[in-house]
Amino acid sequence: MAAGLSAVAANAEEAILGHVMDSEHIFHHVSQRFSDRLEELSGGSFTIDYHPGGDLGDWTSITEQVAQGAVQMTMTWNHSELDPRWDVAVLGYVASDWQTGRAIYGPGSVMDGVYAGIMNDLGMELLGTIPTDFTGFVVRKDVAVPVNFPADAAGFKMRVPGMPMAIERYNATGFSPVPMAFSEVHTALQTGAIDGRAYSPPSEVLMFKDVLSAYVFTRENFEHTFWVANKDWFNGLTEEQQGWLKTAATEAVTWAWENAEAESKVWLDKIRAEGIEVVELSPEQLATYRDLVVAAEYPYMEAIIGKGTMDQIKAAAGMN
């Protein structure tokens, strides 16, 4: 018995999994399912040192720590400073509904292979993509809500993440884009340094509920996020440990794709319950907005990722 316990101890593995979201976010639910399943599959020999809520740094910092090997795993967004090709993840109006979102970005999709190649070049292993929702933008109190583009957006200071393609999109739709760290958004909305925050899925609107009047649900891109591991660390695991890890991750990701859509309505109801207006564009307004986004972003991204990959994406989106 003692010899058996010694063998388990010798083969024990503990890995850090860190991300920036709270206990209500899908990252947390996926992380818990993964951790529990990994421990079950490994008989308790492979455990997770779990760090939600950003206690390891902001999301860009944690992603960089994973690429460098200081942290083993994270759930993150496209980090274009590491590789501009990664911004293909937020290309506008590729998916039209949840079914096409899963077909284009989910397990076994065309984009799964594209992302795996990008992660490999960055020294990371892609464990899966996690769906969040379609996105829109929030509007702070005492600011007119733009619905006709580009005219209504003139002078509207829109916070965007620090990626060049965000500048392309929000210049084209008439806004004044303001690159800013996510950690600064709440204060900037309070002070009026910005008027809104772009790329917001419904699940993140209430983070700023005290300063918002409206959420414009443009559905301009299908937000999905990336579960990555340090490649050298992953390759250093035994074949059995890799199998446990991949099985647990695949099951957790599959659960996310099967359950995330139902959460969208829940979040929209919560937003309305807080007195924040959910604004839907008319078909004509939406068509104009979409055309502006596509005209600005698609040529820009094709120059970065190549015509062949863009043709694959367009075909998957029914654009060819």
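Helices and strands are taken here as DSSP runs numbered from the N terminus, with helices of at least four residues and strands of at least two. In the predicted model, Arg-219 accordingly falls in the loop between strand E9 (212-216) and E10. Its phi is near 55 degrees, a positive value in a residue other than glycine. With a relative accessible area of 32%, Arg-219 is partly exposed.

A positive phi also occurs in Asp-142, where the angle is near 70 degrees. Asp-142 belongs to the loop between E5 and E6, and at 82% relative accessibility this residue counts as exposed. The loop between strand E5 (136-140) and E6 also holds Pro-150. The peptide bond leading from Phe-149 to Pro-150 is cis, its omega being near 5 degrees. Most residues other than glycine have a negative phi, and most peptide bonds are trans.

Helix H5 (residues 110-121) comprises twelve residues and spans 18 Å from its first C-alpha to its last, close to the 16 Å expected at 1.5 Å a residue. The buried residues of H5 include Met-111, Asp-112, Val-114, Tyr-115, Ile-118 and Met-119. Viewed down the axis of H5, the buried residues fall within an arc of 165 degrees, so they line one face of the helix. Gly-123, which follows H5, has a positive phi near 80 degrees.

In helix H6 (residues 164-172), the buried residues are Met-165, Ala-166, Arg-169 and Tyr-170. Just after H6, Gly-174 adopts a positive phi of about 100 degrees.

Two packed helices are described by the angle between their axes and the distance between the axes. For H6 and H10, the axes come within 8 Å and cross at roughly 150 degrees; the crossing is right-handed. On the H6 side, the contact involves Pro-164, Met-165, Glu-168, Arg-169, Tyr-170 and Ala-172, which meet Tyr-289, Leu-292, Val-293, Ala-296, Glu-297, Tyr-300 and Met-301 in H10. The residues of this contact divide into ten nonpolar, no polar and three charged.

Helices H2 (residues 26-41) and H9 (residues 239-273) pack at an angle of about 145 degrees, with 8 Å between their axes. The crossing of H2 and H9 is right-handed. From H2, the residues Ile-26, His-29, Val-30, Arg-33, Phe-34, Arg-37, Leu-38 and Leu-41 contribute to the contact, and their partners in H9 are Trp-244, Leu-245, Thr-247, Ala-248, Ala-249, Glu-251, Ala-252, Trp-255, Ala-256 and Ala-260. By class, the contact of H2 with H9 contains 13 nonpolar, two polar and three charged residues.

Gly-57 is situated in the loop between strand E2 (46-51) and helix H3 (59-68). A relative accessible area of 26% makes Gly-57 partly exposed. Beyond its neighbours within four places in sequence, Gly-57 is in contact with Val-20 and Ile-62. The C-alpha atom of Gly-57 is separated by 36 Å from that of Ala-317, which is 260 residues apart along the chain.

Notes:
Residues numbered from 1 in each chain as written. Predicted model: local features only at pLDDT ≥ 70, side-chain atom pairs only at ≥ 80, totals over all residues. Heavy atoms only, no water. Expected span 1.5 Å × (residues − 1). Buried < 20%, exposed > 50% of the residue type's maximum accessible area, 1.4 Å probe, protein only. Arc of directions from axis to C-beta. Axes fitted to C-alpha atoms, helices over the stretch in contact; angles between N-to-C directions. Left-handed = near helix turned anticlockwise from the far one by under 90°. Contact = heavy atoms within 4.5 Å. Nonpolar A, V, L, I, M, F, W, Y, C, P; charged D, E, K, R; others polar.
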